Structure formats: structure tokens, C-alpha cells
Amino acid sequence: NRDNLDAITGPTPVYGDMTMGYGKMHPAMGMTWHNATTFCEWLSRKTGRKYRLPTEAEWEYACRAGATKVFCCGDDPDRLADFAWYKANSDFETHEVAKKKPNAWGLYDMPGNVREWVRDFYSAKAYENSAGESSTVDPQGPTSGKVHVARGGDYNSSIEELRCAARAFEEKWWRSGDPQIPKSKWWLPQMDFIGFRIARSIEPDSRIVEEQKHAR
């Protein structure tokens with residue numbers, strides 16, 4: 001009975017070499033936003049825990065590690081080379097993960113190396129529209145849009161693109177390496193600058209929830 005099916009579809013084969021010549025310790029790359037979110041759904045079902053892409057606000061908060069500095073390592077751009085692979089030190093290619101210093105929360109490669117998909121649709125006024133509202137503690141992105149946000153900059157980014165607040169989004173040319181018509185909804189062939197980072201939603205302790213119910 002098709003109504004009882006409970007499955008997550010897998011991606012079609014990528015056009016070309018999925019590894020793009022890189023090793024297993026390099027970041028996963030070249031997947032579309034749809035591919036990244038589907039992976040999170042698959043991982044959630046496999047583990048029984050809730051995995052997803054972080055919201056744009058969550059990503060920025062994690063990059064800042066609770067601080068309000070310009071970069072993940074503070075306000076001094078001269079320190080970035082110790083924390084990120086970018087245009088000045090990457091030799092125009094991605095590198096193995098966790099080879100640079102982590103931020104204050106122990107998170108590696110938040111800026112540089114590859115850009116990272118987040119959950120939100122892109123809107124130029126997303127943060128402007130949430131200003132002054134209570135939701136600015138954890139502002140939510142627009143409920144609809146045409147393209148999604150990618151944060152963090154990549155191995156070919158300038159220092160300005162590595163700011164914690166710097167924003168980017170999917171552009172049409174990202175699909176130019178795919179000769180298929182229509183373009184694949186799963187892959188961005190040869191686009192080695194885009195990857196993703198997953199977040200896990202922590203479910204509330206069931207015992208505490210029950211105690212709170214009875215306390216009302």
C-alpha cells in the first residue's frame with residue numbers, strides 16, 4: 001500500500017567525479033540545498049534524533065561563539081589565517097577539515113574553506129524586517145523565496161566575506177557545471193566551494209516535561 005510507505009529518496013548519481021579529486025577528510029561539497037536537507041532527514045530517521053540545517057541566525061551565533069566581534073577570532077583580520085582557509089592562504093583549493101584553530105566553542109572551519117547551506121531563504125531585508133521585534137533573539141528567516149542562504153565564505157573569499165555577519169546566497173552560475181536539462185535538484189557538479197553543516201535539535205527531557213504538566 002503506497003499510503004503506508006515511509007522512506008527518504010536518495011539522490012541520483014552526480015554528473016562527473018563526486019570527490020572532485022579531494023580526499024575523504026575534505027568537507028562534503030557540491031550538493032544542492034535540497035540534497036543537504038534530505039540528508040538531514042535521512043540521518044534523523046536513521047538515528048532517531050532530530051538533525052537539520054541551522055537557521056541563518058543560529059549559524060551566525062555559533063560562528064561568533066557567543067561574542068559580538070567582527071570575525072570568529074575577534075576584530076583583528078590579521079588573525080584570520082590561523083582560523084580559516086581563504087583567498088590569501090588556500091592556494092585556490094579546499095583543504096582537509098579541522099587543520100586550522102577552532103573558535104571559542106571548539107567549532108572548526110566556520111569561516112572559509114567551503115560555504116555552508118543554512119535553512120533560510122535569502123532576503124536582502126531579512127534582518128532589517130526583524131529589527132525591534134522580540135524575535136531578534138533568534139530571528140527566523142522568510143517563509144518563502146527563490147534561493148537559500150549560504151554562510152561563511154570559501155577558500156577563494158576575501159577577508160570581508162569571512163565576517164560573521166557576511167551573507168551570501170545561491171546564484172544561477174552555481175548550476176553551470178551541470179550539462180543536464182533540466183538541471184539536477186541534487187547536485188552542483190564541480191562546485192567545490194559549497195557544503196553544509198548540520199545542527200541537532202535537543203528534545204526536552206520527557207520526565208521534566210511531565211513534571212511541568214503536573215505542576216500547572
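This is a predicted model: local features need pLDDT of at least 70, side-chain atom pairs count only at pLDDT 80 or more; totals for chains, interfaces and linings use all residues.

What follows is a short chat about the fold, the sheet, the cysteines and one arginine.

Visitor: Which strands stand at the edges of the open sheet of four strands?
Guide: The pairing in this sheet is mixed, and the strand order is S4-S3-S2-S5. An edge strand has a single partner, so one of its sides is left without a neighbour in the sheet. That puts two strands at the edges: S4 (168–169) and S5 (194–196).

Visitor: In which sense does S2 pair with S3, and in which with S5?
Guide: S2 covers residues 115–121 and S3 covers residues 148–151, with three bridges between them. S2 and S5 are also joined by three bridges. With S3 the sense is antiparallel, and with S5 it is parallel.

Visitor: Which residues stand opposite Trp117?
Guide: Over in S3, Phe121 has His148 opposite, while Trp117 faces Ala150. In S5, the residue opposite Trp117 is Phe196. So the pair you're after, which follows from the bridges that define strand pairing, is Ala150 and Phe196.

Visitor: Is S2 mostly covered or mostly open, and how many of its residues are buried?
Guide: Helix H1 (residues 33–47) lies across S2, S3 and S5, running at about 85° to S2. S2 itself is mostly covered. Out of its seven residues, the buried number is five.

Visitor: How many disulfides does a search of the whole structure find?
Guide: A disulfide is a covalent bond between the sulfur atoms of two cysteines, and the cut-off here is 2.5 Å. Cys164 has its closest cysteine sulfur in Cys63 at 3.6 Å, which is too far for a bond. For Cys72 the closest is in Cys73 at 4.6 Å, again too far. The search of the whole structure comes back with zero.

Visitor: Are Cys72 and Cys164 buried or exposed?
Guide: The relative accessible area of Cys72 is 10%, and for Cys164 the figure is 0%. Buried means under 20%, so both cysteines get the label buried.

Visitor: Which residue has its backbone oxygen 2.5 Å from a polar atom of the Arg64 side chain?
Guide: Arg64 is part of helix H2 (residues 56–64) and counts as buried, because its relative accessible area is 18%. Leaving out residues up to four places away in sequence, Arg64 touches Lys69, Cys164 and Ala165. The backbone oxygen at 2.5 Å from that side chain belongs to Lys69.

How values were computed. Residues are numbered from 1 along each chain as its sequence is written. Side-chain values use heavy atoms; hydrogens and water are left out. Contact means heavy atoms within 4.5 Å. Axes are lines fitted to C-alpha atoms, for helices over the stretch in contact, and angles run from 0 to 180 degrees between N-to-C directions. Buried means under 20% relative accessible area, exposed over 50%, partly exposed in between (1.4 Å probe, protein chains only). A polar contact is a pair of N or O atoms within 3.5 Å; within protein, one must be able to donate a hydrogen and the other to accept it, and residues adjacent in sequence count only if both atoms are side-chain atoms.
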